[in-house]
Amino acid sequence: MMSRSSLLTAWLLVLGLVCHCALHHVAAAAVTLSTASRWIVDEGGNRVKLTCVNWPSHLEPMLAEGLNKRPVGAIAADVAAMGFNCVRLTWPTFMVTNASYSSLTVEQSFQRLNLTDSLAGVRANNPDVVDMKLIDAFKSVVSSLGDNNLMVILDNHVSKPGWCCSPSDGNGFFGDGNFEPDVWVDGLTRMATLFSGVPNVVGMSLRNELRGPRQNSNDWYKYMQRGAEAVHAANPRVLVILSGLSFDNDLAFLASRQVTLSFARKAAFEVHWYSFSNGQEWAAGNPNEVCARIGASVSRRALYLLDQGWPVILSEFGVDNRGGNVNDNRYYGCAAAVAADLDLDWALWTLQGSYYLREGVQDLDEVYGVLDRAWSGPRNATALRRVQALQRPLRGPGYAEAAPYEVLFHPATGLCVVRSSLTRPLELGPCGETEAWTYAQQDGRLTLRDSPLLCLHAEGAGRAVRLGLPCPDDRSHWRLLSDSKLHVAANASSSSASGTGMLCLDVGADGRSVVTNPCRCLSGDSSCDPESQWFKLVSSTRSVAAREMLLAQLPIKLQSTKIRSL
């Protein structure tokens, strides 16, 4: 009989969701990270793109969620099979600083919360952890992740264990009822020391989502710098990750005054971005206008640090995986376009399909979870697949495999414009099989970089786009329309300066072909959804898998005189 882990892996294979991602280093879990300008790199100076998933261990039971549903090794194996290379593993300060918590075994922790059914599940699936102290159970989870070649970022999520976050929960900012700075620094030091010899612990996030009425930048500098120094002193191998203010939405204050640390090349920043960070703006407004406005705001508040030479990790983002949340659905296409464009490091919220106990409710379903409530398979295979598209590094140190080119990325599906042969229409496919495009903004031509006479041509409304030769007319000249610049449009008529009469790239009725249709939702209208027409030109320096195949199909004259080598 197949184990539940084997069944899930088989299910992922059927769905095409097992990722065979290759990193520069042989053992991702044993890497020592540092920074090189905006990039996170390994000992050899090659980029390591963090593509993590959050796994909470900070709620009242203080045990990584789901150990009542599956063996810890099976869960870790599933994380790796889905293509994530690391886990942002959360923990509460009091687990290591407060004897009333740190002295508890897993069994005692669950018993005091009357979690009888969950404890029975832990006993059945992970009997070895039942009698462990909570910190030892935490270590066993880290060890299982390492056994599956997964890096770990230890995230200090709260002080007092429980759900996060509220402005008035006592966990929000230095000096709050449960957030005494000296205790916090002691907790960071203890955890850094405990894991100093554990090779797959590669980073420590100092604090999740600082917030509340007490927050201010002066105390931020005072205490975050102190926390960073404490972690580095106890464990100089790990990357130190600093969060911002206002639920980790705001790092703008660093523009005028950067952190002062005694160490170099071991610090990064993190930012969170959800649809609900902006209320219901995505559902209530025109998606293109909202995307442009909020995207610019996120850049102004946090992502600008990339240009200043600092890594910025998008350490929480995610959506309701049931698929019916309009606010989330519109947000995701925009956020994914930004993440791909900047080739961000990230950590998805979240892995767990359920909680032992959240806000007084036992076995609560987590609709943002990658896994279903039973932890037996993906909650939404389509949503998982489009996140997996962001796992592959596009550029950075060690990835200069080809001259720079553009990728036509479709955020809503996580696919890219590909072509299996010169006789077949363009279609959406895996981004690892992308065409290499060049976009000439002055004349608007989208050409194959290695065959510049072949350009993208619009055939008409509802018709598949093709590669044309030559490219003389307006239907071969493309503009980036709407405030979001995610509409790639060509003229359908000679009078189209305002976007009226423009044909935009779109996904055909079959869900795979690339066609053009009249541009929609460009501005004003808040009732329509443009996501199928959102395409992002993304820069890459990865090798082009499609190139050799297409070169073999070109006429010999074109191969020898018109094709530029990599």
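Helix α2 (residues 72-81) packs against helix α7 (residues 134-147) with the axes 9 Å apart and an angle of about 45°. The axes here are lines fitted to C-alpha atoms, for helices over the stretch in contact, and angles run from 0 to 180 degrees between N-to-C directions. Helices (H or I, at least four residues) and strands (E, at least two) are DSSP runs, numbered from the N terminus.

A word on the model: it is predicted, so local features need pLDDT of at least 70 and side-chain atom pairs count only at pLDDT 80 or more, while totals for chains, interfaces and linings use all residues. Residues are numbered from 1 along each chain as its sequence is written, and side-chain values use heavy atoms, with hydrogens and water left out.

Angles under 35 degrees count as roughly parallel, over 145 as roughly antiparallel, 65 to 115 as roughly perpendicular and the rest as oblique. Val72, Gly73 and Ala76 of α2 meet Val141, Ser144 and Leu145 of α7, where contact means heavy atoms within 4.5 Å.

The second pair is helix α8 (residues 181-194) with helix α9 (residues 217-234), whose axes come within 8 Å and cross at roughly 25°. That makes α8 roughly parallel to α9. Among the residues making this contact are Trp184 and Leu188 of α8, and Tyr223 and Arg226 of α9.

Here are the two contacts by residue class:

| α2 with α7 | four residues | two residues | no residues |

Leaving aside neighbours within four places in sequence, Phe84 is in contact with residues including Thr51, Trp346 and Gln391. Thr51 itself lies in strand β3 (residues 51-55). With 1% relative accessibility, Thr51 counts as buried, a term for under 20% relative accessible area, with exposed over 50% and partly exposed in between (1.4 Å probe, protein chains only).

Key:
Ala, Val, Leu, Ile, Met, Phe, Trp, Tyr, Cys and Pro count as nonpolar, Asp, Glu, Lys and Arg as charged, and the others, Gly among them, as polar.
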